Every structure is written in C-alpha cells, then in structure tokens.
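The following paragraphs lead through a structure, from single residues to the arrangement of the chains. Please keep the sequence and the model in view while reading.

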4 protein chains.
Amino acid sequence: MYSFKNDYSEGAHPKILQALLETNLIQEEGYGYDRHTEEAIHYIKQKINRDDIDIHLLQGGTQTNLLAISAFLRPHEAVIAPSTGHIFVNEAGAIENTGHKIITVPACEGKLKAQQIESVLSKHKDEHTVKPKLVYISNPTELGTVYNKSELLELRKVCNENRLFLFVDGARLASAMASKANDISLYEFSCLVDSFYIGGTKNGALLGEALVICNENLKEDFRYHIKQKGALLAKSRILGIQFAELFRDDLYMDLARHANEMATLLKKGLTELDYQFLVDSPSNQLFPIFPEEEIEQLKKDFLFYNWEKVDDKHSAIRLITSWATKKEEVLRFLEVVSKINKKRSVSHRL
Amino acid sequence: MYSFKNDYSEGAHPKILQALLETNLIQEEGYGYDRHTEEAIHYIKQKINRDDIDIHLLQGGTQTNLLAISAFLRPHEAVIAPSTGHIFVNEAGAIENTGHKIITVPACEGKLKAQQIESVLSKHKDEHTVKPKLVYISNPTELGTVYNKSELLELRKVCNENRLFLFVDGARLASAMASKANDISLYEFSCLVDSFYIGGTKNGALLGEALVICNENLKEDFRYHIKQKGALLAKSRILGIQFAELFRDDLYMDLARHANEMATLLKKGLTELDYQFLVDSPSNQLFPIFPEEEIEQLKKDFLFYNWEKVDDKHSAIRLITSWATKKEEVLRFLEVVSKINKKRSVSHRL
Amino acid sequence: MYSFKNDYSEGAHPKILQALLETNLIQEEGYGYDRHTEEAIHYIKQKINRDDIDIHLLQGGTQTNLLAISAFLRPHEAVIAPSTGHIFVNEAGAIENTGHKIITVPACEGKLKAQQIESVLSKHKDEHTVKPKLVYISNPTELGTVYNKSELLELRKVCNENRLFLFVDGARLASAMASKANDISLYEFSCLVDSFYIGGTKNGALLGEALVICNENLKEDFRYHIKQKGALLAKSRILGIQFAELFRDDLYMDLARHANEMATLLKKGLTELDYQFLVDSPSNQLFPIFPEEEIEQLKKDFLFYNWEKVDDKHSAIRLITSWATKKEEVLRFLEVVSKINKKRSVSHRL
Amino acid sequence: MYSFKNDYSEGAHPKILQALLETNLIQEEGYGYDRHTEEAIHYIKQKINRDDIDIHLLQGGTQTNLLAISAFLRPHEAVIAPSTGHIFVNEAGAIENTGHKIITVPACEGKLKAQQIESVLSKHKDEHTVKPKLVYISNPTELGTVYNKSELLELRKVCNENRLFLFVDGARLASAMASKANDISLYEFSCLVDSFYIGGTKNGALLGEALVICNENLKEDFRYHIKQKGALLAKSRILGIQFAELFRDDLYMDLARHANEMATLLKKGLTELDYQFLVDSPSNQLFPIFPEEEIEQLKKDFLFYNWEKVDDKHSAIRLITSWATKKEEVLRFLEVVSKINKKRSVSHRL
C-alpha cells in the first residue's frame, strides 16, 4: 500500500547516500568539528545570505525545539504558542519537562495572530503567573498554511515592543519557502525571527535539522546545551554530509518544490471532484474532507491519517506529499477517489 | 595524519551503507515501528538469548545515559559512579540537568568496587542527603579495563541487598565482550544488570546505541521518555537498519575483535620497546606512557589525545583502535616509535 | 480601609500566638521531629478518624502543590486540571517548572467533571503526548463552589478506571467542610482521594498547610522531597504548634464556620438589594456583580479585587471573609452598598 | 537534657513574639508587600549601609540556596563549592534537582581557596563538561571557621577574572560577623560578593533568611523565582515582623555576640582541660575531640552530634551555642567534662 501518511516514509535522497559512500572511510573530527559540518554551515549561510548567524546541526524536531527553547529562556519564562503548535500537541511534554510552561491561544488555521500575543501579555503581569518571553510558531503550520511577510512583520513588531523572542519551528520549512503563498526570502525571514530551524528529516535527509540562531544574545554557549541534552553526535559527519548535499546546490528547494507540486496535483484533482478542504493549505499537507465510507474504501489502497471529524458523516484526512512522492501514485489516488466518487453518485441517483 | 584519537573517526561499516542503499526507497513506518527496527531487536534478543527484555534504539551515549537514568529514578534518588565515569566527567552535567545527583567514589583503574557502594550508603541514611538508587559503571571502563564475572556478581549482590539498580554504559561494550579479559556471556551479563546499552557509534555504526532494559519494573512507558527527551527519530529506520546489519550475523563482534587485535598489536609492540602503561587495559583503549618530547615527535605523524601527566617528564597518551583501524597504520606507528626510541637511546648513551 | 481582599490579611488566631509564647524557650528537635508536630499530626488523624495516612506540615499552598505533584509523578506524566485551577493560573508555572504539563479543561463554575477526564484521556493515547496521571481539583474551588459527595464519587470512579491519582488543593478546605453545601465527612473525603491538603494560612495560621497522603503507594520517601524542595523547616515547631492548636479542639472548624457565616451575611444582604452573583458559592468567597461606577464608590471604603468584566457596564468583584472578619465591617459594607444603591435608584427615577 | 545540637532548638527571641502579638490583627497586604517587610528591608539596608541592593525575605537555608542558584544560572552552568559545603552535603540534592552540577574541591577547614577555583576552571574548558559559573561558600563555614577580608578579596579577584558569581550561604552569618576573626564590615562584605543571605532561623527568628542581591544583573524578575519555587508566603508579615525586630536596633548582632561568647566560654574551659579541637573555630560551632567513652558519659547529660572519628579511640563532637544558650548550662557542661576528665586521670594513674 502506498502511503501518504507523512514525508518521512522513505530513506534519503540518493545524492546523500552517494556522498556518505564517497566519504565513508576518511577520518574526521567528531562533535561538529568535521569538515562536512563546516561545509554544510558554509552553504546554508550562503543560501540565507548572512554570515552573522550561528548554525547547529541537530537530529530531530522535538530535540531542536526543546534545546532551543530551554537554552533561550530563564526558568520563570514561558512560551506563547498556537493551540495546534507541535510543541503543545505532539511532543510528550518535552518543553514542560525542561521547566517551561506553554501558554496557548486558539490557532486560526494553524496560525498565531499578533493581537493574540498582546492578549496573553495583558493577563501575565506579575510573578503570580509565568512571564511570557518566547513566541513559537511553525512555518508551514501544522495545518499546512504559510505565514506571509505581512503576518511575520506584525508578529515581529509585537515581539519587539514586548521584548519577546520569535522562534520558528521549520520542520517543513522547505515546503513553506517553496510555496506559492510565500512572499519572503530566507534572508528576510532570518531578519524577522530570533531563531528558526531548517528541517532535513522531512525533506530528504535521513535525519537532521539545522538550527539557526540570528539573535546575538542567544548564541552564547549553545554547544553546551547541545551536549547536555544528549544531542551532540560523535559522528557529526552524518549530519554535515547531508546538509552539505542539500545546500551545496539547490537540492533542498528542488525537493520541496516536487513535494508541493505533488500536493498541488492532488488538490486540483480533488477540487475537480468537488471535495472540500478543512483548510486551504498551499504546502505539502492537505486536509480534504471525505464521507466516512469513502475513507474506509480509500484505506484499502492507501495509507493516511484521519485528521478530525467534520460532522456525523464526514472527516478530514491528512495527505502529505514529499520529495519522494511518485506522480503515478498521486494519479492513482485520484483515480481511485474518482471511482469511489462515481459509485456514490450512481448509488445516490438510484 | 592518521588518527588514533577515537573509534568514531570513520563513517559506517560498508555493509551498513549497502543496506541503507538497498532499502532506501521502501516506505516504512516511523518512530521505531519500521520493519528494520523490529528486525534489529529480534536479532539482538537472539544474540542475548533472551526474549524478556525491552530494547530501544537511540542515537548517542550521553542521550542514552540521561534517558535511562532519568526514567529509572524518582527526583530524590541519586547515582553512584566511579570518579572516572563518563556521566560525571564528560557529559556536560546531563544527568544533573535531569535533576539527579551523581555521588562519586575514587575509581580503581576505572572500576567501581562493591564495598565502595556500601561506604556511600553508610553516609546516605536520611532525607538530608539524596537517596542512592542506581549504580553506574561502564564496561569497558573509561580506562579500557573490563569487569569480570566475579566483580559483576559482587556488584549485583550489593545492589540486591540495598535495592539498587545496576546500569552499565556500554558505549564500547563490544570491545569488552570481545576482550580476553571477559569471562561472561551476553546472556549472563543481562541477568546481572538491570539495564545496559550496546554501543553502535563506536563499533561501526553511523550513530546508534541499543538500550536494553532487563528489569521488568523499569520497562513501563519508556517510549514516552524517549519522545520527551527528543530522542524518538521519525526515520527510525536509520537505527534499525544499522543494528540489523550489526546483529544479523556476527558483524558486531567481528568488528570489535578487529579493534581489540589492533590494540593488542600496538600493546605488544610498545611493550617490546619497554614502554609502560598507565593501566593494563585488555580492550581497544591503551594508555602508554611516553617522555614528553617523544609525544611531540609522534604528533607530527599521528593524532591522539594526551591523557594525563605521570611525572614532570612523562605523560600517558590515549590510543584507540577501532573496526576501521588499518594494520599498516598500527605497524607504522610502532615503527615511528621505534625510531624515536632509538634516537633517544643513542642520545642518552652519548 | 477595611479589606475583603483575602483571608490572609491578619496574623494568627490569638490561641496560636499564646501557644507560641508558652512553648517558646523549650528546646525541641527540628525538621518535623519536635513534639508539637507529633501532637499536631495526632490531632489531625483523630479528626480525620484514620491512622493509616501520612501527614506532612508544609508552609504554603504553591509549595504543597508542587511538592506533592512532583513527588507523585514520573517525568512523562501530566496533570489534568480545570482551567481555573490555582496551579494553572496563579502559581507562576511552578508545576511545569518541576517538569510536568498541566492539561486543562474548561471549568464549570470552578469544577472539573468526571466526563471531562475521559475526554482528555481519549486524546492522550500514546507517547507523542504526555500521559495524564493525576487529577487536580480545589475544594472549595477558586470560585468558591464546593464539590458534593456524588461529584467526588464520580471523579474517583473515573480515576480508578484509569489508574489516575486524585489530588485536592485544600488551601481553603475548612470553608468547604464547614459549608452547607458539603455532604461528606473528612473521613469519607480522605477515602475518595489519594492526597489532599488542609490549609492553615487561610484559616487562622501564620503559615502552614498539612499535606495528607492517603494512597499507600505515594507515601514512600516523601520527606526527601520536602527537603529537596527547600520545604523542611529547621524550626518545624512553628508549624507543629499552630496545627496542634487548630486541631486539638474544634478551633479549625470554628474559624471556618465564622468565615462562612460572614459570607452568608454578605450574600443575604446583597441578594436583598437585588445584586446578582457570578456564581452561587456556598463558602467564604463571593463574586457579586456591580455596575462599574458602584465599584469605584465602594473602593473609597473597602479593599477587594475586581474579578472579571461581565458586560460593558458591570463587573464581578471578589469578596472574601475569614476567621478574622468583623461582623460590624460586613454590616458597614452592606450599609454602604445600600446607600450607593439608593442613590442610583433615585437618579434612575429622575 | 540540655541540647548543644544546634542553634534552632528554641523558638524566637521574645521581642519577636512581642511584635507578632502587637501587630496581629492589623490587616496587611500579602506576598511581601506588607508594611513589616518594607520596614525590615529598610533596616537591613541601613545596616549594610547600601541602598542599591535587592532584599528578599525567604523561609529557610536550603530554599534560599536553591532559589538563588537556580535563578542566577543558565542550565549548563555549574557551582564550585568546597566539599563540606552545605549544598553538597546536606540538602538532599536540592541544587542538582534544579538542574545544576556542583563541582567540589577538598575543603581546607571548611574553606575554599582562590587557587582551587582556578584549578577547577583549568579542567572545564569546553562543552563536554559543565561551565563553572558560581562560587558557593558559607560564612562561617560548616566547620565554624570565618573568612577574613584578604581571603574574600582573593576569591573576588578570581571570580572577576573568570566572570564567576560569588554567593555566600549566610545561614549563620551573624556569628561570622560577630566573630573576633572577622575583619570586614557588612558593607565591605556586600561589595565583595554578588549575593549572600542573612540567616534568621539560626539567630533568633522562628524562620526566615534575608537574601541580598548585590549584582545588578542578578536582580531582574527574582520575585518570579520565589513564587515559582513555592517560597512566596501569603502572610509575608511573619517574615517582615521578625527581620524588622532583628534589624531595627542591634538585636541581630547582640544575639550573635551572645552565642559567640558562650562558645568562647566553652572553648576556653575545654582548652584548660587540655582538649584538642578538630579545627580552631572562632564562631558558635565547636568541634572538640573526646575519647569515645567520655562522649558516652556526656550524652547522659547533654545532647550534641558526633561529628567524625579522629582515630580508633577519639571522635570530634559538634557543640553549637546560640542566642538562647544559657550560661549556666555551659558552665554545667564544663563541670561535667571536668569530672569525667578527672576520673580518667585518676584511673589512668592507677
């Protein structure tokens, strides 16, 4: 069965494996001091077009989130996040486990609005509550939506006015950046946030996220935190080699563009068949709404997650495309849906 | 320059890369539910010859130590460790960062003695101190020595008498098990400890440690801890594939045997040249003592760590061999030492 | 200006000061081993009518909450609480700072309903989320409402079915127990919960809360936690003396009855003047709704907190009575309200 | 039996109780905003002769230590302390429980030497170890010795050179300041350290320690930490009243002078009887060495702690005097010792 469950079902892009093979027996320093990591950081800085940033290669999203947030905050400081934020919903209390509260506000299609931050601040005024200090958003969001420049500028403004850090979970950043909804360059993006990360796991790497720290005040001693949380790999080359391959040329964005194209194809096909979507997402995650019985039928041929019930008879499912998604499988999915759909129409008519 | 600094300078054993290539585009479940992880666990259990154990594949040594220890202990409980223990010396306070004190006793050639545990217990009797609950040792130790069965039995006895857990850091477990000093099977080993891990990073994997939980009471909900500490990889296949290769046949022990043989060769050569050792280590770490000026000369050709000063004019260095160590480089090292040594003899005679 | 802001504006009940004076120069053991603490525990057990419980005298509510919860839970386990819960709203992230997430559900007049627990459990099924393990409620709630026996039985049932602990914040437990809405004895109460505390600070003590641990499995090593969190007083006599006085005879309940009577008097008076309440609270906290301009006028004579806006022109205020509340001040308050009220009626008529 | 076990066996100095009585029914704000706390802080600042310091009234020593240290440090930063330091030996891992490692060096009569700090720093150079950031000492030390100005200046110098904080545990600060060994004013003291606390519990208060923060950078948001760790008392008046009494006039130093005088009397008497001391302590803690059998005999009349075995037949005991120590009991103690001593001399002669 073909899976649209996620964007980490396959291994790595072949170029990465090739690079692993070619460099395998060359002796390298460890703990981030290997030549590949150096090279990877060099290329990423080139792509961002900035040299005054720190970059650390880490292993996974939850690890990166907890590391960054716990390093950036003092014990009494808290995170503001949308209610759908991955750190709040899907990370087993990793942030709280480092001692910090997450204050949530109702997400609007996965997004956090600037005025929601102000509303939180108005309720956190003294030491009987935590002190909100860091704003967490994901781009794209957990619902596949993408922040545009104007939204980011507004968030930045509120953060500046209130001395808050803005941190972006970029587990799928490539898909956001490659999205038609995106109107901002990586350079501009890096100027609007204090820190963000560039997801590798979900865009062609075996594992790896590149944390970027833009705010000078947040850079000091970060390697200590990496080590202390158990995230400093001895064979750091495994991360360096992958990001070097992804960022040497345009591979990273090429892979995301493919993922987005496959999503667009799916979306177009489903729209033509008159399916609605839970949210209009311009990245590699789609949330089409199906009658329950059609979902059951689709599950005979494809793997995907049920996302949420929409009404008694309908649910949204989540379809994710990736760098590895095959066009023929997307077309086959649409074909199967089309057949099911026709059957329904016929049975309805009868 | 050839490096004897550590056993993680190269990439992975070629068989592992081959397996990565062959399975790369097959879709798999994530988060430890892929077929490779399942297979790896199956093979490891076969090698240990037990089915009543839980096995979790993790990324690195510090991560595994902090995960296991923080999951096994309640907040007021502490670790007893030898003063040379990796968790005390080289992990950036990772254990303390999870809230637990490490109580150290002077290590004897890297080892902890059973009576030292009793001595610690006699000083920790009420709630003004922490409550010692877990004994941490490394096998081989950080000085390359290997615990024999009788030593392990004594540690187990004291642990049983005092309701303590015995946890073994096995970052280099392969080298201990393959050592001539070892007189215990993996099965017996697993029966004497509550939990231990089987290091992959330092024995041919790109990354990965297999944590084994033997004590039934320590198994519950362990996956929650993995997720919470940011150690649950989405593409868990990268760990599964590697351990499956290492344990399908005898690769894991073969690699360790090679590392140990190379160490034995080095040791024999240096002994013949009349060099002393800081400690008589029967595994892949050697600590020969050299005059300072010889160390400087050796550093023109080889990379290695200075370990500690022995007296005004001598220091011990650390040489580590691995699965990837080339015999010709070992021989070349001995040759260079021999030349330096002769020059010294001559100059001494003059 | 007379204050109805809270129930901790005055010092201690005179009997407590008298006991401090009388015992002052007698040498006692420290750290909870003084004769007064022993005596206090004895009397509390008598009042609860159980001997198979552990009692620890602590200093304040937040301290007691964080101590109990962090001692009872493993790192990945979380708390379920109503959204108005003191630990969630007013304790500066104390619980999260010990590493545990609080999962909130919308409070219904300050209360948590049994089915809300089930709803939370249905969304926390695997290690991608925390594991709910402890249910936190306050009695009386932060809105002055009191749980009745049937509600507690339902909560217990759900907890039993799902292996959850039930913990009750009893900062104002006296007021709940003395309330007409209460239909349960302290003994029954102690059988329905795993742990709760008996607040002293808000019922006549200078400081002090008596934590009661009913569940056998939660008792072990609790004194270690007290020490580790900095809550083990050297001069524990200060806590022992107070609780001995409060529980030797009926002082503790007498004081609460007075507080409740004063609240009832206030409530009756305001009701007769046609004021509405945010919630119908049968304990020592009242939330009457006033026009904004009347609140401003009342503030010329009395201290109290604005609680929340009800509509554009009205807000609820919080009035709290205590063991020390003077009847003449309650009557004066009603008199002032009555005058303001009349003026309004007149001006409205004109 | 009369106790020389500690300096917290009695209640409070009578003036404190008197003040509690006189102010008891006056309504006050809570959480440190009462008039007494304000007054106390005013008086303490007067005594220190500085206004640019922050003062927070807390409950106990362990609480104050853990609060200050965890608020001052980032997660990867560690404490350097002498091996006899209270935080290392007697606080149940409270500091480690907040996530910070304590690096100890062998204490020299309870003291830490400046060069020991440098030695620690030389071994903590990168992220594989923690980063030493705060130096913890006690004054007087746990062995009753007192730092002189020159020692403090040296510590300060090393701290300055290495950007370390200097924090002083002053649980018995009064006794140090009142000691003949002290050659520094409170003002000078406050200029040499970043933070310290003024112990109340062990010098006449029922409970209470006054934390003084001198370093501007450590002041921000400290009240959040107090609340988060459960140390913000609702009825803060209990702390304010006590410190106001202790510091309004010279009560605080008068009490310490009495304690020290009683210790001097004891010391003189024992010296005349030819007893040796484990350490020459000039404060209210003495460590005389007795033959084991004499200790047994003394225990028939007095309470005190055995401190440590000196040889097969001798042990040091710990005698502590306080503000409440009665001169007649000191004389009686000496008399009993004298009798025992004579008996021994006689029996030895026979």
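Pro140(A) sits in the loop that runs between strand S5 (131–138) and helix H7 (149–161) of chain A; helices (H or I, at least four residues) and strands (E, at least two) are DSSP runs numbered from the N terminus. The peptide bond leading from Asn139(A) to Pro140(A) is cis, its omega being near 0°. In chain D, the bond from Asn139(D) to Pro140(D) is likewise cis, with omega near -5°, and Pro140(D) is placed in the loop between strand S5 (131–138) and helix H7 (149–161) of that chain. Most peptide bonds are trans, and most residues other than glycine have a negative phi.

This is a predicted model, in which local features need pLDDT of at least 70 and side-chain atom pairs count only at pLDDT 80 or more, while totals for chains, interfaces and linings use all residues. Residues are numbered from 1 along each chain as its sequence is written, chains are lettered from A and ligands numbered from 1 in the order in which they are written, and side-chain values use heavy atoms, with hydrogens and water left out.

Glu109(B) has a positive phi, near 50°, and lies in the loop between strand S4 (102–105) and helix H6 (114–122) of chain B. Its relative accessibility is 44%, so Glu109(B) counts as partly exposed; the classes are buried under 20% relative accessible area, exposed over 50% and partly exposed in between, for a 1.4 Å probe and protein chains only. Tyr31(D) also has a positive phi, near 55°, and is found in the loop between helix H1 (14–23) and helix H2 (35–48) of chain D. With a relative accessibility of 15%, Tyr31(D) counts as buried.

Helix H1 can be examined in chain C as well. Gln18(C) belongs to helix H1 (residues 14–23) of that chain and is partly exposed, at 39% relative accessibility. Between the C-alpha atoms of Gln18(C) and Ala78(C), which are 60 residues apart along the chain, the separation is 43 Å.

What does Lys219(A) touch, leaving aside residues up to four places away in sequence? Its partners are Asp52(A), Ile53(A), Asp54(A), Ile213(A) and Cys214(A), where contact means heavy atoms within 4.5 Å. Lys219(A) is located in the loop between strand S8 (209–213) and helix H10 (222–228) of chain A, and it is buried, with a relative accessible area of 10%.

Helix H10 (residues 222–228) of chain D contains Phe222(D). This residue is buried at a relative accessible area of 1%. Beyond residues up to four places away in sequence, Phe222(D) touches His56(D), Leu67(D), Ala68(D), Ala71(D), Phe72(D), Leu211(D) and Ile213(D). Ser122(D), by contrast, is 100 residues from Phe222(D) in sequence and 32 Å from it in space, C-alpha to C-alpha.

A further phenylalanine of chain D, Phe277(D), is in the loop between helix H12 (251–272) and strand S9 (285–286). Its contacts, with residues up to four places away in sequence not counted, include Lys267(D), Leu270(D) and Thr271(D), as well as Leu286(D), Phe287(D), Pro288(D) and Ile289(D). Phe290(D) is 13 residues away along the chain, and its C-alpha atom is 9.0 Å from that of Phe277(D).

The view now widens to a whole chain. Chain A has 14 helices and 13 strands. Its radius of gyration is 21 Å, close to the 20 Å that the globule rule gives for 350 residues, so chain A is as compact as a globular protein of that length; the radius is taken over C-alpha atoms, and the rule is 2.2 Å times the number of residues to the power 0.38. Of its 350 residues, 67% count as buried. Among the contacts in chain A with a separation of 6 or more, 73% join residues 24 or more positions apart.

Finally, how are the copies related? The same surface serves both copies, since 100% of the contact residues of chain B recur in chain A.
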